[in-house]
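Biologist: I am new to this structure. Please show me how to read a few of its features.

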Amino acid sequence: MNEERINKYLNSRYCLVTMAVVSVILSYLSFLFYGKDTLSCNGLFAARAENWIEAPATAWMANVALSFAVAILLFNLNRVYAFIREFTLIHVSAFTFITLTNPTVSATFSASNLHAALILVCTTILFHSFQRKLQRGTIFLVGFLLSLCSVFDYAALFYIPVFFIGFAQVQAMSFRGFLALLTGVILPYWVGYAFGWIDFQQLTLPDLTISWEKYRDTFDPVNAVRVIITAATGTILGFSNVFKIMATRLQLRSYNGFFNLLAVATLLFMVIDVANANTYIVTLNCCVAIQIAHFFSIHKFTRRYMLYFSLMLLYLACTTADLLKPLLSE
(Lines give C-alpha, C1' and ligand atoms only; values in the text may rest on other atoms or scores of the structure.)
Protein backbone atom coordinates (compact mmCIF):
# COMPACT_ATOMS: atom_id res chain seq x y z
CA MET A 1 0.00 0.00 0.00
CA ASN A 2 2.82 2.38 0.91
CA GLU A 3 4.61 1.58 -2.35
CA GLU A 4 1.50 2.38 -4.36
CA ARG A 5 1.25 5.72 -2.58
CA ILE A 6 4.80 6.48 -3.70
CA ASN A 7 3.81 5.66 -7.29
CA LYS A 8 0.85 8.03 -7.01
CA TYR A 9 3.13 10.68 -5.56
CA LEU A 10 5.33 10.51 -8.68
CA ASN A 11 2.32 11.45 -10.81
CA SER A 12 1.27 14.33 -8.56
CA ARG A 13 1.87 18.05 -8.49
CA TYR A 14 3.69 17.63 -5.17
CA CYS A 15 6.41 15.63 -6.87
CA LEU A 16 6.58 18.25 -9.61
CA VAL A 17 7.06 21.05 -7.08
CA THR A 18 9.72 19.05 -5.22
CA MET A 19 11.62 18.25 -8.40
CA ALA A 20 11.35 21.85 -9.56
CA VAL A 21 12.78 23.23 -6.30
CA VAL A 22 15.66 20.74 -6.25
CA SER A 23 16.34 21.40 -9.94
CA VAL A 24 16.48 25.17 -9.50
CA ILE A 25 18.91 24.81 -6.58
CA LEU A 26 21.19 22.57 -8.66
CA SER A 27 20.85 24.91 -11.61
CA TYR A 28 21.93 27.81 -9.41
CA LEU A 29 24.99 25.86 -8.28
CA SER A 30 25.77 25.22 -11.95
CA PHE A 31 25.45 28.95 -12.56
CA LEU A 32 27.95 29.68 -9.77
CA PHE A 33 30.49 27.33 -11.35
CA TYR A 34 29.75 27.76 -15.05
CA GLY A 35 27.66 30.93 -15.35
CA LYS A 36 30.36 32.86 -17.19
CA ASP A 37 30.41 30.33 -20.05
CA THR A 38 28.35 31.50 -23.01
CA LEU A 39 25.93 29.38 -24.98
CA SER A 40 25.08 30.71 -28.41
CA CYS A 41 23.10 30.29 -31.62
CA ASN A 42 24.50 29.82 -35.11
CA GLY A 43 22.46 31.46 -37.84
CA LEU A 44 22.71 31.13 -41.61
CA PHE A 45 22.97 34.90 -42.01
CA ALA A 46 22.96 36.37 -38.51
CA ALA A 47 26.25 36.69 -36.72
CA ARG A 48 26.97 34.27 -33.91
CA ALA A 49 24.77 35.49 -31.06
CA GLU A 50 27.01 35.83 -28.03
CA ASN A 51 25.94 37.21 -24.67
CA TRP A 52 22.28 37.83 -25.44
CA ILE A 53 21.87 39.01 -21.86
CA GLU A 54 24.89 40.80 -20.43
CA ALA A 55 24.27 40.31 -16.69
CA PRO A 56 25.11 36.67 -15.81
CA ALA A 57 22.52 36.43 -13.00
CA THR A 58 19.81 37.84 -15.26
CA ALA A 59 20.78 35.39 -18.00
CA TRP A 60 20.48 32.49 -15.55
CA MET A 61 17.08 33.61 -14.25
CA ALA A 62 15.80 34.14 -17.79
CA ASN A 63 16.98 30.66 -18.73
CA VAL A 64 15.24 29.06 -15.73
CA ALA A 65 12.04 30.89 -16.66
CA LEU A 66 12.41 29.67 -20.24
CA SER A 67 12.93 26.08 -19.04
CA PHE A 68 9.70 26.30 -17.06
CA ALA A 69 7.97 27.77 -20.13
CA VAL A 70 9.04 24.70 -22.13
CA ALA A 71 7.75 22.47 -19.31
CA ILE A 72 4.39 24.30 -19.44
CA LEU A 73 4.22 23.81 -23.21
CA LEU A 74 4.91 20.11 -22.68
CA PHE A 75 2.18 19.87 -20.04
CA ASN A 76 -0.33 21.83 -22.10
CA LEU A 77 0.32 19.70 -25.18
CA ASN A 78 -0.76 16.56 -23.32
CA ARG A 79 -3.60 18.35 -21.51
CA VAL A 80 -5.16 19.37 -24.83
CA TYR A 81 -4.39 16.31 -27.00
CA ALA A 82 -4.14 13.58 -24.30
CA PHE A 83 -1.62 11.41 -26.15
CA ILE A 84 -0.39 9.89 -22.87
CA ARG A 85 -2.56 7.02 -21.67
CA GLU A 86 -3.46 8.58 -18.30
CA PHE A 87 -3.33 12.06 -16.86
CA THR A 88 0.06 12.49 -15.23
CA LEU A 89 2.65 15.10 -14.40
CA ILE A 90 5.59 12.74 -14.31
CA HIS A 91 6.81 13.81 -17.76
CA VAL A 92 6.90 17.45 -16.63
CA SER A 93 8.75 16.51 -13.42
CA ALA A 94 11.25 14.36 -15.31
CA PHE A 95 11.83 17.00 -17.99
CA THR A 96 12.37 19.74 -15.41
CA PHE A 97 14.89 17.68 -13.45
CA ILE A 98 16.78 16.33 -16.47
CA THR A 99 17.07 19.79 -18.04
CA LEU A 100 17.82 22.03 -15.07
CA THR A 101 20.40 19.67 -13.59
CA ASN A 102 22.43 19.79 -16.81
CA PRO A 103 24.93 22.69 -16.60
CA THR A 104 25.30 22.67 -20.38
CA VAL A 105 21.77 24.07 -20.78
CA SER A 106 20.99 25.48 -17.31
CA ALA A 107 24.01 27.53 -16.20
CA THR A 108 23.21 30.50 -18.44
CA PHE A 109 20.83 31.59 -21.19
CA SER A 110 20.53 28.60 -23.50
CA ALA A 111 19.72 28.41 -27.20
CA SER A 112 18.67 24.81 -26.54
CA ASN A 113 15.64 25.97 -24.53
CA LEU A 114 14.64 28.40 -27.27
CA HIS A 115 14.96 25.64 -29.84
CA ALA A 116 12.79 23.27 -27.78
CA ALA A 117 10.14 25.95 -27.28
CA LEU A 118 10.00 26.49 -31.06
CA ILE A 119 9.66 22.75 -31.72
CA LEU A 120 6.85 22.38 -29.15
CA VAL A 121 4.95 25.37 -30.55
CA CYS A 122 5.21 23.85 -34.05
CA THR A 123 4.16 20.47 -32.63
CA THR A 124 1.06 22.05 -31.10
CA ILE A 125 0.16 23.48 -34.51
CA LEU A 126 0.81 20.08 -36.09
CA PHE A 127 -1.47 18.23 -33.66
CA HIS A 128 -4.20 20.82 -34.20
CA SER A 129 -4.08 19.93 -37.91
CA PHE A 130 -5.10 16.28 -37.51
CA GLN A 131 -7.10 15.22 -40.61
CA ARG A 132 -7.58 18.87 -41.66
CA LYS A 133 -6.18 18.96 -45.18
CA LEU A 134 -8.16 22.07 -46.05
CA GLN A 135 -6.51 24.13 -43.29
CA ARG A 136 -3.23 24.65 -45.11
CA GLY A 137 -2.50 27.83 -43.18
CA THR A 138 -1.17 25.75 -40.28
CA ILE A 139 1.31 24.01 -42.59
CA PHE A 140 2.40 27.38 -43.97
CA LEU A 141 2.81 28.73 -40.41
CA VAL A 142 5.07 25.87 -39.32
CA GLY A 143 7.25 26.28 -42.42
CA PHE A 144 7.40 30.03 -41.85
CA LEU A 145 8.35 29.74 -38.16
CA LEU A 146 11.08 27.17 -38.76
CA SER A 147 12.49 29.12 -41.70
CA LEU A 148 12.40 32.44 -39.85
CA CYS A 149 14.19 30.99 -36.83
CA SER A 150 16.81 29.35 -39.05
CA VAL A 151 18.16 32.84 -39.79
CA PHE A 152 19.30 32.90 -36.16
CA ASP A 153 19.62 29.15 -35.53
CA TYR A 154 20.21 26.98 -38.59
CA ALA A 155 19.23 23.86 -36.63
CA ALA A 156 15.58 24.88 -37.08
CA LEU A 157 15.96 24.29 -40.82
CA PHE A 158 16.75 20.60 -40.27
CA TYR A 159 13.30 20.04 -38.76
CA ILE A 160 11.39 21.09 -41.89
CA PRO A 161 11.49 17.53 -43.36
CA VAL A 162 10.53 16.16 -39.92
CA PHE A 163 7.39 18.29 -39.82
CA PHE A 164 6.63 17.48 -43.46
CA ILE A 165 6.52 13.80 -42.48
CA GLY A 166 4.62 14.77 -39.32
CA PHE A 167 1.84 16.46 -41.29
CA ALA A 168 1.62 13.32 -43.42
CA GLN A 169 1.33 11.24 -40.22
CA VAL A 170 -1.62 13.32 -38.99
CA GLN A 171 -3.21 13.08 -42.45
CA ALA A 172 -3.04 16.83 -43.09
CA MET A 173 -0.52 16.87 -45.95
CA SER A 174 -1.48 17.16 -49.62
CA PHE A 175 0.16 18.60 -52.70
CA ARG A 176 -1.28 22.02 -51.88
CA GLY A 177 -0.13 21.53 -48.32
CA PHE A 178 3.38 20.89 -49.63
CA LEU A 179 3.19 24.13 -51.62
CA ALA A 180 2.02 25.93 -48.48
CA LEU A 181 4.98 24.54 -46.54
CA LEU A 182 7.38 25.50 -49.33
CA THR A 183 5.94 29.03 -49.45
CA GLY A 184 6.32 29.38 -45.69
CA VAL A 185 9.95 28.29 -45.90
CA ILE A 186 10.81 30.68 -48.74
CA LEU A 187 8.90 33.74 -47.48
CA PRO A 188 11.26 34.90 -44.65
CA TYR A 189 14.28 34.81 -46.96
CA TRP A 190 12.37 36.43 -49.80
CA VAL A 191 11.15 39.30 -47.61
CA GLY A 192 14.54 39.64 -45.93
CA TYR A 193 16.30 39.87 -49.28
CA ALA A 194 13.72 42.29 -50.71
CA PHE A 195 14.19 44.72 -47.80
CA GLY A 196 17.96 44.34 -47.79
CA TRP A 197 18.05 42.59 -44.41
CA ILE A 198 19.63 39.47 -45.90
CA ASP A 199 22.70 39.40 -48.11
CA PHE A 200 23.13 35.98 -49.71
CA GLN A 201 26.83 36.72 -50.15
CA GLN A 202 27.09 36.47 -46.36
CA LEU A 203 25.49 33.02 -46.29
CA THR A 204 27.30 30.82 -43.79
CA LEU A 205 26.68 27.12 -44.29
CA PRO A 206 26.88 24.87 -41.23
CA ASP A 207 29.99 22.76 -40.84
CA LEU A 208 28.64 19.20 -40.81
CA THR A 209 31.94 17.37 -41.08
CA ILE A 210 32.22 14.58 -38.53
CA SER A 211 35.49 14.02 -36.71
CA TRP A 212 36.72 12.64 -33.42
CA GLU A 213 38.14 16.07 -32.52
CA LYS A 214 34.68 17.65 -32.81
CA TYR A 215 33.12 15.02 -30.57
CA ARG A 216 35.91 15.47 -28.05
CA ASP A 217 35.56 19.26 -28.03
CA THR A 218 31.75 19.18 -27.78
CA PHE A 219 31.22 16.37 -25.29
CA ASP A 220 33.33 16.12 -22.17
CA PRO A 221 33.08 12.66 -20.54
CA VAL A 222 30.30 13.62 -18.12
CA ASN A 223 28.20 15.31 -20.80
CA ALA A 224 28.71 12.32 -23.09
CA VAL A 225 27.51 9.95 -20.36
CA ARG A 226 24.46 12.15 -19.77
CA VAL A 227 23.53 12.08 -23.47
CA ILE A 228 24.04 8.29 -23.59
CA ILE A 229 21.76 7.85 -20.56
CA THR A 230 19.09 10.01 -22.20
CA ALA A 231 19.32 8.23 -25.55
CA ALA A 232 19.34 4.77 -23.95
CA THR A 233 16.37 5.62 -21.71
CA GLY A 234 14.32 6.91 -24.62
CA THR A 235 15.19 3.90 -26.78
CA ILE A 236 14.54 1.21 -24.16
CA LEU A 237 11.32 2.76 -22.87
CA GLY A 238 10.19 3.55 -26.41
CA PHE A 239 10.46 -0.11 -27.44
CA SER A 240 8.68 -1.23 -24.26
CA ASN A 241 5.82 1.21 -24.93
CA VAL A 242 5.36 0.82 -28.66
CA PHE A 243 3.02 -2.19 -28.74
CA LYS A 244 0.58 -0.69 -26.23
CA ILE A 245 0.62 2.62 -28.08
CA MET A 246 -0.05 0.85 -31.40
CA ALA A 247 -3.24 -0.54 -29.86
CA THR A 248 -4.68 2.95 -29.31
CA ARG A 249 -6.83 4.84 -31.79
CA LEU A 250 -5.38 6.38 -34.94
CA GLN A 251 -5.18 9.94 -33.62
CA LEU A 252 -3.07 8.98 -30.60
CA ARG A 253 -0.88 6.70 -32.73
CA SER A 254 -0.23 9.63 -35.05
CA TYR A 255 0.71 11.96 -32.19
CA ASN A 256 3.02 9.46 -30.51
CA GLY A 257 4.46 8.37 -33.84
CA PHE A 258 5.52 11.96 -34.45
CA PHE A 259 7.31 12.13 -31.09
CA ASN A 260 9.17 8.93 -31.97
CA LEU A 261 10.15 10.47 -35.30
CA LEU A 262 11.20 13.67 -33.52
CA ALA A 263 13.40 11.76 -31.06
CA VAL A 264 15.16 9.73 -33.78
CA ALA A 265 15.68 12.83 -35.95
CA THR A 266 17.05 14.84 -33.00
CA LEU A 267 19.58 12.12 -32.17
CA LEU A 268 20.58 11.96 -35.82
CA PHE A 269 21.04 15.73 -35.96
CA MET A 270 23.21 15.61 -32.83
CA VAL A 271 25.48 13.08 -34.55
CA ILE A 272 25.65 14.93 -37.87
CA ASP A 273 25.82 18.47 -36.48
CA VAL A 274 28.14 17.61 -33.62
CA ALA A 275 29.63 21.10 -33.35
CA ASN A 276 26.14 22.41 -32.53
CA ALA A 277 24.96 19.32 -30.64
CA ASN A 278 24.09 21.18 -27.43
CA THR A 279 21.28 22.97 -29.28
CA TYR A 280 19.29 19.73 -29.51
CA ILE A 281 19.60 18.54 -25.90
CA VAL A 282 16.38 20.06 -24.48
CA THR A 283 14.32 18.85 -27.45
CA LEU A 284 15.66 15.34 -26.82
CA ASN A 285 14.78 15.72 -23.12
CA CYS A 286 11.16 16.48 -24.09
CA CYS A 287 10.90 13.30 -26.15
CA VAL A 288 12.44 11.13 -23.42
CA ALA A 289 10.22 12.65 -20.72
CA ILE A 290 7.17 11.65 -22.77
CA GLN A 291 8.47 8.06 -23.03
CA ILE A 292 8.94 8.03 -19.24
CA ALA A 293 5.30 9.12 -18.80
CA HIS A 294 4.12 6.44 -21.23
CA PHE A 295 6.08 3.76 -19.42
CA PHE A 296 4.68 4.63 -15.99
CA SER A 297 1.17 4.89 -17.39
CA ILE A 298 1.32 1.57 -19.24
CA HIS A 299 3.31 -0.64 -16.88
CA LYS A 300 1.78 -1.03 -13.43
CA PHE A 301 4.29 -3.14 -11.51
CA THR A 302 4.44 -2.21 -7.84
CA ARG A 303 8.00 -0.96 -7.57
CA ARG A 304 8.13 1.15 -10.68
CA TYR A 305 8.98 4.15 -8.48
CA MET A 306 12.43 2.55 -7.91
CA LEU A 307 13.14 2.69 -11.63
CA TYR A 308 12.23 6.38 -11.74
CA PHE A 309 14.37 7.32 -8.74
CA SER A 310 17.28 5.25 -10.06
CA LEU A 311 17.13 7.14 -13.34
CA MET A 312 17.02 10.50 -11.58
CA LEU A 313 19.97 9.43 -9.40
CA LEU A 314 22.00 8.75 -12.55
CA TYR A 315 21.38 12.32 -13.70
CA LEU A 316 22.14 13.59 -10.20
CA ALA A 317 25.45 11.71 -10.25
CA CYS A 318 26.34 13.40 -13.56
CA THR A 319 25.47 16.80 -12.08
CA THR A 320 27.59 16.08 -9.00
CA ALA A 321 30.53 15.16 -11.23
CA ASP A 322 30.06 18.40 -13.18
CA LEU A 323 30.02 20.48 -9.99
CA LEU A 324 33.10 18.74 -8.60
CA LYS A 325 35.20 19.28 -11.73
CA PRO A 326 36.10 22.94 -11.01
CA LEU A 327 36.95 22.07 -7.40
CA LEU A 328 39.17 19.13 -8.35
CA SER A 329 40.96 21.12 -11.05
CA GLU A 330 42.13 23.79 -8.58
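**Reading helix packing and burial**

Modeller: In this predicted model, helix α3 (residues 56–81) packs with α6 at an angle of about 15°, and their axes are 9 Å apart.

Biologist: How does one read such an angle for α3 and α6: roughly parallel or roughly antiparallel?

Modeller: Angles under 35 degrees count as roughly parallel. α3 and α6 are therefore roughly parallel to each other. The crossing of α3 past α6 is left-handed.

Biologist: Which residues in α3 meet α6?

Modeller: On the α3 side they are N63, L66, S67, V70, L73, L74, L77 and Y81. Their partners in α6 include L114, A117, L120, V121, F127 and H128.

Biologist: Which residues are buried in helix α9?

Modeller: Buried means under 20% relative accessible area. In α9 (residues 160–169), the buried residues are I160, V162, F163, G166 and F167. They lie on the same side of α9, because they cover an arc of only 150° around the axis.

Biologist: What do the buried residues of α9 pack against?

Modeller: They pack against α6 (111–128), α7 (137–150), α8 (155–158), α10 (175–194) and α13 (250–272). Just after α9, Q171 has a positive phi of about 60°.

Biologist: T138 is in helix α7. Why does T138 count as buried?

Modeller: T138 counts as buried because its relative accessibility is 14%. Leaving aside neighbours within four places in sequence, T138 is in contact with I125, H128, S129 and F167. A polar atom of the T138 side chain also lies 2.9 Å from the backbone oxygen of Q135.

Notes:
Residues numbered from 1 in each chain as written. Predicted model: local features only at pLDDT ≥ 70, side-chain atom pairs only at ≥ 80, totals over all residues. Heavy atoms only, no water. Buried < 20%, exposed > 50% of the residue type's maximum accessible area, 1.4 Å probe, protein only. Helix = DSSP H or I, 4+ residues; strand = E, 2+ residues; numbered from the N terminus. Arc of directions from axis to C-beta. Contact = heavy atoms within 4.5 Å. Polar contact = N/O pair within 3.5 Å; in protein donor to acceptor, adjacent residues only side chain to side chain. Axes fitted to C-alpha atoms, helices over the stretch in contact; angles between N-to-C directions. Parallel < 35°, antiparallel > 145°, perpendicular 65-115°, else oblique. Left-handed = near helix turned anticlockwise from the far one by under 90°.
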